[in-house]
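Welcome to a short walk through one protein model.

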Amino acid sequence: MNSDSDHETLSNARDQWKRSTTALERVHQTIEQTTSPKTASDIAEEALVSEPTARKHLNSLVEVGTATAIEDGTGTTYTRNEDTLLYQRIRDLSTDHSRETLIENVQTMKQRIRDFEDTYDAVSPEDLATSLGDSPPEGAWEAVSEWQTTERNLHIAQAAINYSRARDLGAATQ
C-alpha cells in the first residue's frame, strides 16, 4: 500500500468510528486504551472530539471510577483506572466461563508456573530475572515476561472463581 492509500484507509476508519459512536463512547474507548497519563487535549485528538467535550466526559468517567485524574503543578492528566479494569475482567471471566472451565485454566497455569520453576531453577520470575547476568540463555527474558503474565492471569482467574462463588452465595441468602 502506498501512503496516500494508507491515509485514505485511516481517514475512512476514523470517519466510520465517529459516525457509529457518540463522543462519550469515543472518549471512554480512548481512556481505556490509555496506559500512561494524557492531557484532555491529547485524548480529544484521539477521540475525535473538542477539548471541552473531552474534558466534560473525562470528568464524568473520573466520577464513575473508569478514569483517574492526576493533578500536578502544570495541569491535569488522565489515565484509565486499573482497578476498574481489573474488576471488569474478573467479572467478565466469572460471567463468561463456567466454574469448571476456570478451575481447569487455573490448573493449567499452575502447571506452566511449575514448568518455569523447573526449567530455570527459579522460584519466581523476579528470581529468574536477577539471575540472568550478561549472557542469558536464549528466550530467558521472554520466559520472565510469560511467567509474570501467567502469574497475573492465575490470580485473576482465581479471583473470578471467588467472585462467582461469592455472588452465588449472596444470591442464595436473599
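## Helix faces and helix contacts

On helix α6, Glu100, Glu104, Thr108, Asp118 and Thr119 are exposed, and they sit on the face turned away from the buried side of the helix. Please keep in mind as you look that this is a predicted model.

Which residues of α6 are buried? They are Leu102, Val106, Met109, Ile113 and Phe116. Viewed down the axis of α6, these buried residues fall within an arc of 80 degrees, so they line one face of the helix. The helix itself covers residues 99–120, 22 residues in all. Its first and last C-alpha atoms are 32 Å apart, close to the 32 Å expected at 1.5 Å a residue.

Asp121 follows the helix, and its phi is positive, near 50 degrees. Asp121 belongs to the loop between α6 and α7 (125–131). Is Asp121 buried or exposed? With a relative accessibility of 71%, Asp121 counts as exposed, because the cut-off for that class is over 50%.

Helix α5 can be read in a similar way. This helix spans residues 82–96, and its 15 residues should reach 21 Å at 1.5 Å a residue; the end C-alpha atoms are 21 Å apart, which agrees. Thr84, Ile90 and Ser94 are the buried residues here. Around the axis they cover an arc of only 130 degrees, which puts them on the same side of α5.

Next comes helix α3 (residues 40–47), where Ala40, Ile43, Ala44 and Ala47 are buried. Seen down the axis of α3, they lie within an arc of 105 degrees, so one face of the helix is lined by them. What covers these buried residues? The cover includes α1, α2, β1 (38–39), α4 (51–64) and β3 (75–80).

Just beyond α3 there is another positive phi, that of Leu48, at about 60 degrees. Most residues other than glycine have a negative phi. Leu48 is found in the loop between α3 and α4. Its relative accessible area is 17%, so Leu48 is buried, under the 20% cut-off.

By class, the contact of α3 with α4 has 5 nonpolar, 1 polar and 2 charged residues.

From α1 the contact draws on Trp17, Lys18 and Ser20, while α2 supplies Glu25, Arg26, Gln29 and Thr30. These contact residues divide into 1 nonpolar, 3 polar and 3 charged.

Asn59 is in helix α4, and Thr77 is in strand β3. Asn59 and Ser41 are 18 residues apart in sequence, and their C-alpha atoms are 13 Å apart in space. Thr77 and Leu58 are 19 residues apart along the chain, with their C-alpha atoms separated by 9.9 Å. Which residues does Thr77 touch, leaving aside its neighbours within four places in sequence? Thr77 is in contact with Pro37, Lys38, Thr39, Thr68, Ala69 and Ile70.

| Residue | Relative accessibility | Class |
|---|---|---|
| Leu48 | 17% | buried |
| Asn59 | 34% | partly exposed |
| Thr77 | 16% | buried |
| Asp121 | 71% | exposed |

Terms used
Residues numbered from 1 in each chain as written. Predicted model: local features only at pLDDT ≥ 70, side-chain atom pairs only at ≥ 80, totals over all residues. Heavy atoms only, no water. Helix = DSSP H or I, 4+ residues; strand = E, 2+ residues; numbered from the N terminus. Expected span 1.5 Å × (residues − 1). Buried < 20%, exposed > 50% of the residue type's maximum accessible area, 1.4 Å probe, protein only. Arc of directions from axis to C-beta. Contact = heavy atoms within 4.5 Å. Nonpolar A, V, L, I, M, F, W, Y, C, P; charged D, E, K, R; others polar.
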